[in-house]
Amino acid sequence: GAIACHEGAIYDLGAPEVKSVSTIGSGDSMIAGILCGISNGLPIENALCLGVAAGAATAMSAGSDIGKSSDIEELLSRVKVAKITPA
């Protein structure tokens, strides 16, 4: 999962449960997914979810392989996001 702050809101993202094979590159994949989402005009919540799904997909991959797009797409619907707006 991840915690992110954007424009005064805090986002608590829960990663889907996966069988972790190797976490090498998972953080990089998460950042790449977020940036891909932002670059394609997705709302920040969707971009953050894409990043978490990409990181989880990479954790399912062996060695230094990165997550497959089909895995990312499947995991995306299982990412949980809660938006917290501080008082």
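This is a predicted model: local features need pLDDT of at least 70, side-chain atom pairs count only at pLDDT 80 or more; totals for chains, interfaces and linings use all residues.
In which hand does α1 pass α2? The crossing of α1 past α2 is right-handed.

Three strands make up an open sheet in the order β1-β2-β3, and their pairing is antiparallel. The edges are formed by β1 and by β3 (80–84), each of which pairs on one side only. On average, neighbouring strands of this sheet are turned by 20° against each other, direction ignored.

Strand β1 (residues 2–6) and strand β2 (residues 9–14) run antiparallel and are joined by five bridges. Within this pair, Ala 2 of the model faces Leu 13 in β2, and Cys 5 has Ile 10 in β2 as its bridge partner. The two strands form a hairpin, with two residues between them.

Glu 7 lies in the loop between β1 and β2. Its phi is positive, at about 45°, although Glu 7 is not a glycine. Glu 7 counts as exposed because its relative accessibility is 76%, and the cut-off for that class is over 50%.

**Helix packing**

Helix α2 (residues 44–59) lies across β1, β2 and β3, and runs at about 35° to β2. Helix α2 also packs against α1 and against α3. The two helix pairs are set out below.

| Helix pair | Angle | Distance between axes |
|---|---|---|
| α1 and α2 | about 150° | 7 Å |
| α2 and α3 | about 125° | 8 Å |

Because an angle over 145 degrees counts as roughly antiparallel, α1 and α2 are placed in that class. The α1 side of their contact consists of Ser 26, Ser 29, Met 30, Gly 33, Ile 34, Gly 37 and Ile 38. These residues meet a set in α2 that includes Ile 44, Ala 47, Leu 48, Gly 51, Ala 54, Gly 55 and Thr 58.

The angle between α2 and α3 makes these two helices oblique to each other. Their crossing is right-handed. From α2, the contact draws on Cys 49, Leu 50, Ala 53, Ala 54, Ala 56 and Ala 57, and from α3 on Asp 71, Ile 72, Leu 75 and Leu 76.

Ser 29 is found in helix α1. Its relative accessible area is 10%, so Ser 29 is buried, the limit for that class being under 20%. Beyond its neighbours within four places in sequence, Ser 29 is in contact with Gly 51, Ala 54, Gly 55, Thr 58 and Ile 66.

Ala 47 has its place in helix α2. With a relative accessible area of 0%, Ala 47 is buried. Neighbours within four places in sequence aside, Ala 47 is in contact with Gly 33, Ile 34, Gly 37, Ile 38 and Leu 42. The C-alpha atoms of Ala 47 and Leu 35 are 7.3 Å apart in space, and the two residues are 12 apart in sequence.

In soluble globular proteins, nonpolar side chains tend to be buried together. The largest nonpolar core in this model has 17 residues, of which Leu 13, Leu 48, Ile 72 and Val 79 touch the most other members. The elements giving two or more residues to this core are β1, β2, α2 and α3 (69–76). Helix α2 gives the most, with eight residues.

Leu 48 touches Ala 4, Tyr 11, Leu 13 and Ile 34, residues up to four places away in sequence not being counted.

Where is Val 21 placed? Val 21 is in the loop between β2 and α1. With residues up to four places away in sequence left out, Val 21 touches Ala 59, Met 60, Ser 61 and Ala 62. The C-alpha atoms of Val 21 and Gly 51 are separated by 18 Å, and the residues are 30 apart along the chain.

Definitions and conventions:
Residues are numbered from 1 along each chain as its sequence is written. Side-chain values use heavy atoms; hydrogens and water are left out. Two strands pair if DSSP finds at least two bridges between them. Helices (H or I, at least four residues) and strands (E, at least two) are DSSP runs, numbered from the N terminus. Axes are lines fitted to C-alpha atoms, for helices over the stretch in contact, and angles run from 0 to 180 degrees between N-to-C directions. Contact means heavy atoms within 4.5 Å. Buried means under 20% relative accessible area, exposed over 50%, partly exposed in between (1.4 Å probe, protein chains only). A nonpolar core is a set of buried Ala, Val, Leu, Ile, Met, Phe, Trp, Tyr and Cys residues joined through side-chain atoms within 4.5 Å. Angles under 35 degrees count as roughly parallel, over 145 as roughly antiparallel, 65 to 115 as roughly perpendicular and the rest as oblique. A crossing is left-handed if the near helix is turned anticlockwise from the far one by less than a right angle, and right-handed if clockwise.
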